[in-house]
Amino acid sequence: MSTATVTVTETQTQPMTADTILRLFPDIDTSSEALSGHDEEQIRLMDEVCIVLDDNDMPVGKASKKLCHLMSNIDKGLLHRAFSVFLFNDKNELLLQQRASEKITFPDMWTNTCCSHPLAVSGETGANLSDAIEGAKRAAQRKLEHELGIKKEQVPIEKFQFLTRIHYKAPSDGKWGEHEIDYILFIKTRVDLEPNPNEVQATQYVSADNLKKLFEDPALTFTPWFKLICNSMLFEWWASLDSGLENYTNEKEIRRML
């Protein structure tokens, strides 16, 4: 596998020079050794290009998913954009997924419906909040189909509701981890599932009470971002799903959970 590269975009407010990322992160690890022994499809996906951010969610460049998820780079401050989808059925039950064993980061853990990244591609980027939200929604459509086989027609852009952004950092193991500004998206809709076994090993719909019981089961593990969201605002948002959710949507401030 070839050595990963870092390339640079421009923000809306100031042009970025070709050495911006290397100037900001001069000791960044660009080797490919960390991927040795992992699933071939998951290695391929590590070449996807994420949006690199400053602490205020302004794009400063782009870098591969692999570079963004190495703890050695995260510890140097590398931060990227992400999204988390919470999909509810007509009973207001939340769809959970258990991540596949093949996943390089956080394998086998239970989490919310879909968690991934807007990519540095046309339609998924954005330097202002409105454009970034739209980009996150398009990325959510793409990944819901990739991971769970949910057709885009069942999750139209206009049905997604943006609540807030959370900034958090979490290790997966000694080598991999997350450092993200995560866009929280709610959607209530009926969907047909056809999970991709390379991404998802199990799914289930749960009520709020059932989810709280699952958290008490020592045999189950949950992703750190999901636990952060659950321990802060999820159950309050969930209770307002059919009435009052508008009081929580389109939050401008970033919630810092570091």
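Colleague: How many bridges join β4 to β9?
Modeller: Strands here are DSSP runs of E with at least two residues and helices are runs of H or I with at least four, both numbered from the N terminus. Two strands pair if DSSP finds at least two bridges between them. β4 spans residues 80–88, and β9 spans residues 177–188. β4 and β9 run parallel, and the number of bridges joining them is nine.

Colleague: What pLDDT must side-chain atom pairs have to count?
Modeller: Residues are numbered from 1 along each chain as its sequence is written, and side-chain values use heavy atoms, with hydrogens and water left out. The model is predicted: totals for chains, interfaces and linings use all residues, local features need pLDDT of at least 70, and side-chain atom pairs count only at pLDDT 80 or more.

Colleague: Which residue in β9 stands opposite leucine 87?
Modeller: β4 and β9 are parallel partners. Leucine 87 lies opposite a residue of β9, isoleucine 187.

Colleague: How many residues of β9 are buried?
Modeller: Buried means under 20% relative accessible area, exposed over 50%, and partly exposed in between, with a 1.4 Å probe and protein chains only. The rest of the structure largely encloses β9, because the buried count is 11 of the 12 residues.

Colleague: In which sense does β8 run against β11, parallel or antiparallel?
Modeller: Strand β8 (residues 161–171) is mostly covered, with eight of its 11 residues buried. Nine bridges join β8 to β9 in the antiparallel sense, and the two form a hairpin with five residues between them. Strand β11 (residues 254–256) is joined to β8 by three bridges, and the sense is parallel.

Colleague: Why does β2 count as largely enclosed?
Modeller: Strand β2 (residues 49–53) pairs with strand β3 (residues 59–64) in the antiparallel sense over five bridges, with cysteine 50 opposite alanine 63. β2 is largely enclosed by the rest of the structure because its buried residues number four of the five.

Colleague: What is the relative accessibility of aspartate 57?
Modeller: Aspartate 57 sits in the turn of the β2–β3 hairpin, which has five residues between its strands. This aspartate is not a glycine, yet its phi is positive, about 70°. Aspartate 57 counts as buried because its relative accessibility is 3%.

Colleague: Where is asparagine 92 found?
Modeller: Asparagine 92 also has a positive phi, about 65°, although it is not a glycine. Its place is the loop between β4 (80–88) and β5 (94–99).

Colleague: How are α6 and α7 directed, roughly parallel or roughly antiparallel?
Modeller: Axes are lines fitted to C-alpha atoms over the stretch in contact, and angles run from 0 to 180 degrees between N-to-C directions. Helix α6 (residues 208–215) and helix α7 (residues 224–239) pack at about 160°, with axes 12 Å apart. Angles under 35 degrees count as roughly parallel, over 145 as roughly antiparallel, 65 to 115 as roughly perpendicular and the rest as oblique. α6 and α7 are therefore roughly antiparallel.

Colleague: Which α6 residues meet α7?
Modeller: Contact means heavy atoms within 4.5 Å. The α7 side includes Phe226, Cys230 and Trp238, and the α6 residues are Ala208, Leu211, Lys212 and Phe215.
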